[in-house]
Amino acid sequence: MWQRALEHVIPTSVYPPAVRRMIDTTNAVGTLHRSLRKVIKTRGSFPTNEADIKLLFLAIKHSGVRWKQARGWTEALAQFTVLFGDRLIGAAC
């Protein structure tokens with residue numbers, strides 16, 4: 001499978017180390033997904049649709065408290081700016 005996708009994998013190796021570190025370690029979506037699955041698994045069943053929506057809302061709100069900026073983000077952002085220029089305007093905050 002990796003041989004079929006090699007053309008998509010190799011380009012990441014040409015980025016500077018700071019950018020590669022961000023690509024490899026930033027997985028906020030996976031972390032959020034895992035925390036939502038954990039909350040749902042411990043609950044079991046829901047009496048109403050509003051109950052499950054409320055539980056997921058509170059889980060997302062609570063998970064945001066623990067988020068922090070990734071290590072080396074400032075250095076990686078500088079490299080992203082050099083590599084991608086004007087594509088980062090407004091999105092780099």
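**Labels and cut-offs**

Tutor: Start with Leu 55, which is found in helix H4. Helices are DSSP runs of H or I with at least four residues, strands are E runs of at least two, and both are numbered from the N terminus. This is a predicted model: local features need pLDDT of at least 70, side-chain atom pairs count only at pLDDT 80 or more, and totals for chains, interfaces and linings use all residues. Residues are numbered from 1 along each chain as its sequence is written, and side-chain values use heavy atoms, leaving out hydrogens and water.

Student: Why is Leu 55 called partly exposed?

Tutor: Buried means under 20% relative accessible area, exposed means over 50%, and partly exposed lies in between (1.4 Å probe, protein chains only). Leu 55 has 24%, so the label is partly exposed.

Student: What is Leu 55 in contact with, leaving aside its neighbours within four places in sequence?

Tutor: Contact means heavy atoms within 4.5 Å. On that test, Leu 55 touches Val 39, Arg 43 and Phe 46. Val 39 is 16 residues from Leu 55 in sequence, and their C-alpha atoms are 8.0 Å apart.

Student: How confident is the predictor in H4?

Tutor: pLDDT is the predictor's confidence in each residue, from 0 to 100. Helix H4 (residues 49–65) has the highest mean among the elements, 85. Helix H1 (residues 6–9) has the lowest, 72. The chain averages 77.

Student: What makes up the largest nonpolar core?

Tutor: Such a core is a set of buried Ala, Val, Leu, Ile, Met, Phe, Trp, Tyr and Cys residues joined through side-chain atoms within 4.5 Å. Here the largest has five residues: Ala 18, Val 19, Met 22, Ala 76 and Phe 80. Helices H2 (17–25) and H5 (73–84) each give two or more. H2 gives the most, three.

Student: How do you know that the span of H5 is close to the expected one?

Tutor: The expected span is 1.5 Å times one less than the number of residues. H5 has twelve residues, and 16 Å is expected. From first C-alpha to last, H5 reaches 15 Å, close to that value.

Student: Why are the buried residues of H5 said to line one face?

Tutor: Ala 76, Leu 77 and Phe 80 are buried in H5. The arc is taken over directions from the helix axis to the C-beta atoms. Seen down the axis of H5, its buried residues fall within an arc of 100°, so they line one face. The face turned away from that buried side carries the exposed residues Thr 74 and Val 82.
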